[in-house]
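Please keep the structure open beside you while you read them.

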Amino acid sequence: MLVVLAIIWAVFYSQSPAYLSFQNLTNLTLQIVTTAILALGVVFVLLVGEIDLSSAVLSGVCAAVAAGLTVNSGLPLPVGIAAAVAAGMAVMFVQAQAVMFGVPSLIVTLGGMVILQGLILVVLPPEFTISVAGTPFATIASAAIPAGTSYALAAVATLAFVAYRLFQYRERLSTGSLASLTTIIVPSALVAAVLFGGVFTLTRQRGLPMPVLIVAVMLLIAWYVTTQTRYGIHLYAVGGDREAAQRAGIPVRRMVLYSFLVLGACAAVAGMVDASRQLGVSVTSGSGPLMLNAIAAAVVGGTSLFGGRGSIWSALLGALVIGSISNGVQLLGLSTEVQYFATGSVLIIAVAVDVVLTRGALLPGRR
Amino acid sequence: MTVDSEPQLSDPSDGGPHSTPLLELRKVSKHFGGVRALHEVDLTVHPGEVVALVGDNGAGKSTLVKLVSGVERPDTGEIRVRGQHARLDSPRAAAEAGIRTIFQDLSLCDNLDAVQNLFLGQERHGPVWSGRRVRRHVMEEQARRVLESLSVKLRSLNTPVVALSGGQRQGIAICRALISDPAVVILDEPTAALGVSQRGEVLDLIGRLREQGRGVVVISHDMRDVRQIADRVVVLRLGTRVAEYRRGGYTPSELVSAMTGAHEPSDD
Ligand SMILES: Nc1ncnc2c1ncn2[C@@H]1O[C@H](COP(=O)(O)OP(=O)(O)OP(=O)(O)O)[C@@H](O)[C@H]1O
Ligand SMILES: [Mg+2]
């Protein structure tokens, strides 16, 4: 998929050099933030072999809750944020109960989506919009970390990564496992390149935008949890073979519930970041292509619809691919059809690749 | 310890080591609705002994496995582990009693690698503040030791097990059972889906379990397997134990007629 991304960038760059300008790359990053955060939550649900259609609308509801409490009721921002996250998790908790009861998640969340579309009308005040312009709520998106601090953060993150790798290296040596220093040097160099390259690009204008930091921190936590912990192994086990996981004593139902709760929290954050960027919440918050883009991002990035395969990076990668297409189309002033055609095609190709990888062939029965 | 056992109906002169049986079933019965799946079945397994459980389809073999692996509970009768009465109410309870079962489908997660499968559900992990960080190096080291003890050869511990051969997968499933160092290992049809060389591999594995002094129960339909590895053969038919033979004390046709009831061998 990195290749696909490179091709997309090359094509648009050849049409318009402005495509890879610092300014446009920053725009692109900010455009994909909402999709990436939501896709991250979707990845957790896909990994246990479920699906969700309701989280985009839920993100609108959560944003309405947060904006209503902070802007209209005047409560402090952290209270609003906490309430939104709690609301997101509560809604997902209810839906997960239905899923664990045996109703297919596709149906539960389809129904949930419709119900939430009604709920947002209830949560919003009678005029059906909340403007957050000029309020502390707007600073979620508008705040920026000064370039100097950003570089320092990148340096600290790189050092932490190197230290963690060294720690693992020494652990492996202590039990006589194979361990090679290249497993430290190469990834560390890569991490440093990405972090400093990213900070360099994104601080050209007025420092590192806050949403970028939010995404980065969420990805970091998700990476640790899914790849380094027992929870992570169980997450993949449940997606790989529920029966086997159950027999191994893994609480399958609880793992499914956890995934939905993670998605609920991600939806809340995505909704608040989006509302803060759009300077308001309205009936249409979370509607439109957001849901499909988030699912498409996860799948295009390489997370399987059949569960058990994929990684949290697919959220970022897929969101980048999809965002890059729409950004390029808009930059070149092409018509919207082109964007839909290209995004749809990339999605279908990605799913075809997924099916081939999972089943060995596109058509069942052929080997 | 515990010499309270009255003389057993079966195996009066068991060839195995003179020790308390690791596992003992006494007059165990199990009904499913109106179906009599097991009727007053006795079974003993000694350390370092391979007991084959044979019988036609529906004879009750899988039911017996389910009882001793804690999946089902017997209606009547008693299960004893190392001479002590045992309540095997759940797979976990059976595992804690030292009984591990390798089901026919192996129950491996195809998308996980060998180490993750070996430790699935019993991962070695760090404290809660670390988010229960998996101690991969410890697991890898232990995995390598267990795999080596049964001479299971894998090219890499990090590839998903879906890419491995049937014999290797069976090997991983058996090694997984060994992680908790069980006294009794039960295998349901371990060679059913395997080719000739892999079948030999698995039979060797079972031989090594015996050398390690474990009690082994093998369910098999394959008379060659049974002849080759079993120290004792227990024949079930329609839920009752109809015959029992020691190694070398039977001919293949005797075994088959006991299974099918062609001409009754002094029992039932
Ligand atoms: N869960 C169940 N509910 C109802 N009947 C059952 C159940 N499990 C087993 N039985 C019945 O109990 C009897 C013994 O079945 P069991 O599966 O133990 O036989 P088996 O020896 O393993 O046969 P096979 O060689 O076909 O695997 C059969 O008549 C079967 O139909
Ligand atoms: Mg059976």
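1. Which residue has a polar side-chain atom that lies 2.7 Å from an oxygen atom of ligand 1? In this model, which is predicted rather than determined by experiment, that residue is B:K61. Taken alone, ligand 1 exposes 630 Å², and the protein buries 62% of that area.

2. The backbone takes part in the surroundings of ligand 1 as well, for a polar backbone atom of B:G60 is 2.9 Å from an oxygen atom of the ligand, and a backbone N or O atom of B:A59 lies 3.2 Å from an oxygen atom of ligand 1.

3. The residues around ligand 1 include B:F32, B:V35, B:A37, B:D56, B:S62, B:T63 and B:H221. Sorted by class, this shell holds four nonpolar, six polar and two charged residues.

4. In terms of secondary structure, β2 (35-45) and α1 (61-68) of chain B each give at least two residues to the shell, and the largest share, three residues, comes from α1(B). Chain B as a whole has eight helices and 10 strands.

5. On overall shape, a compact globule of 268 residues would have a radius of gyration near 18 Å, and the 19 Å of chain B therefore agrees with that expectation. Along the principal axes, the C-alpha atoms fill a box of roughly 60 × 40 × 40 Å.

6. The accessible surface of chain B comes to about 11,900 Å², and carbon and sulfur atoms account for 50% of it.

Definitions and conventions: Residues numbered from 1 in each chain as written. Chains lettered and ligands numbered in written order. Predicted model: local features only at pLDDT ≥ 70, side-chain atom pairs only at ≥ 80, totals over all residues. Heavy atoms only, no water. Near = heavy atom within 4 Å. Polar contact = N/O pair within 3.5 Å; in protein donor to acceptor, adjacent residues only side chain to side chain. Areas by Shrake-Rupley, 256 points an atom, 1.4 Å probe, with all protein chains shown as cover. Helix = DSSP H or I, 4+ residues; strand = E, 2+ residues; numbered from the N terminus. Nonpolar A, V, L, I, M, F, W, Y, C, P; charged D, E, K, R; others polar. Rg over C-alpha atoms; globule rule 2.2 N^0.38 Å.
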